[in-house]
Amino acid sequence: ARKLGAGTITFLGTEPIRRAADGARIVADVEAASQVPLHVLTHEEEAYLTLVGVTEGRPVEVETLVVDIGGGSSEFAAVGPGDRARAGGLRLGSNRLTTAHVRTDPPTRAEIESMRRAAEATLGPALPATPAVIVAVGGTASNLLKVAPGGPADRVLTRDRLAAAVHNLLRARAAATSERYRINPKRARLLPAGAAIVEALMRRYGVDRVEISDASLREGAILVADHVGIAWRDRLTELAHGWRT
């Protein structure tokens, strides 16, 4: 980054470093080697940065919920016109569900149903919101579009498209799905769990569609660091409302 002329460099750590027993050592080693602080984000900070990435720092017109579906956890951020931004996280992820409930490749219908029930139960205490729009981000969400009818050009997962995606995933082993749709083999194995999470999100918040965005935490971090400099962590709740016109 320095060789390319970057004036500001920001390092972020997410769930793996939050969970690491030697997380403090990782932070110290990175800072000593690079002379750049490593910010280990909380669930809430991660969610706010993702929200900013999705909205491009612009104010929303309706209540919007952004969900980053990861492997071990998911981050939630909600904001609406005139409402205070809220954020939180849950230990709900596609790898976590797969490890707990799937023993076959492809999963059985019973295993899919088991993941659906587990996802719905975990989402019970999820961030309170009445969103008009839900946006999902992350590799799980974007790869589900590839196996849904119409492909990734359509950036919306409806209940029908999601059901068709699950049907496609149950017809072939993960390796075949990976080859056919050009999906990372590890990701392909986790997609049925991702579908269970997206379906549970629809039920939890009473919506019939979820939009998918390729923008995420990385884009949000660039925008806030550029806008306010080193004080960005102190202003995330404010920045989540948007500042660009």
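Biologist: Which residue in S4 is the bridge partner of Asp 68?

Modeller: In this predicted model, the partner of Asp 68 in S4 is Glu 75.

Biologist: What makes strand S3 and S4 a pair?

Modeller: Two strands pair if there are at least two bridges between them. Strand S3 (residues 64–69) and S4 are joined by six bridges in the antiparallel sense, so they count as a pair by that criterion. S3 and S4 also form a hairpin, with four residues between them.

Biologist: Why are S5 and S7 called edge strands?

Modeller: The six strands form an open sheet in the order S5-S4-S3-S6-S8-S7, with mixed pairing. Strand S5 (86–90) and strand S7 (156–158) each pair on one side only, and they are the edge strands. Neighbouring strands of this sheet are turned by 25° against each other on average, direction ignored.

Biologist: What is said of the covering of S4?

Modeller: S4 is mostly covered, as six of its six residues are buried. Ser 74, Phe 76 and Ala 78 point one way, while Glu 75, Ala 77 and Val 79 point the other way.

Biologist: Why is Glu 46 called buried?

Modeller: Buried means under 20% relative accessible area. Glu 46 has a relative accessible area of 7%, so it is buried. Glu 46 lies in helix H3 (residues 43–55).

Biologist: What makes H8 roughly perpendicular to H9?

Modeller: Helix H8 (residues 174–181) and helix H9 (residues 185–205) pack at an angle of about 115°, with their axes 8 Å apart. Angles of 65 to 115 degrees count as roughly perpendicular, and therefore H8 is described in that way relative to H9. H8 passes H9 in a right-handed crossing.

Biologist: Which residues meet where H8 and H9 are in contact?

Modeller: Ala 174, Thr 177 and Ser 178 in H8 meet Pro 185, Ala 188 and Arg 189 in H9. The residues of this contact divide into three nonpolar, two polar and one charged.

Methods. Residues are numbered from 1 along each chain as its sequence is written. This is a predicted model: local features need pLDDT of at least 70, side-chain atom pairs count only at pLDDT 80 or more; totals for chains, interfaces and linings use all residues. Side-chain values use heavy atoms; hydrogens and water are left out. Axes are lines fitted to C-alpha atoms, for helices over the stretch in contact, and angles run from 0 to 180 degrees between N-to-C directions. Helices (H or I, at least four residues) and strands (E, at least two) are DSSP runs, numbered from the N terminus. Angles under 35 degrees count as roughly parallel, over 145 as roughly antiparallel, 65 to 115 as roughly perpendicular and the rest as oblique. A crossing is left-handed if the near helix is turned anticlockwise from the far one by less than a right angle, and right-handed if clockwise. Contact means heavy atoms within 4.5 Å. Ala, Val, Leu, Ile, Met, Phe, Trp, Tyr, Cys and Pro count as nonpolar, Asp, Glu, Lys and Arg as charged, and the others, Gly among them, as polar. Buried means under 20% relative accessible area, exposed over 50%, partly exposed in between (1.4 Å probe, protein chains only).
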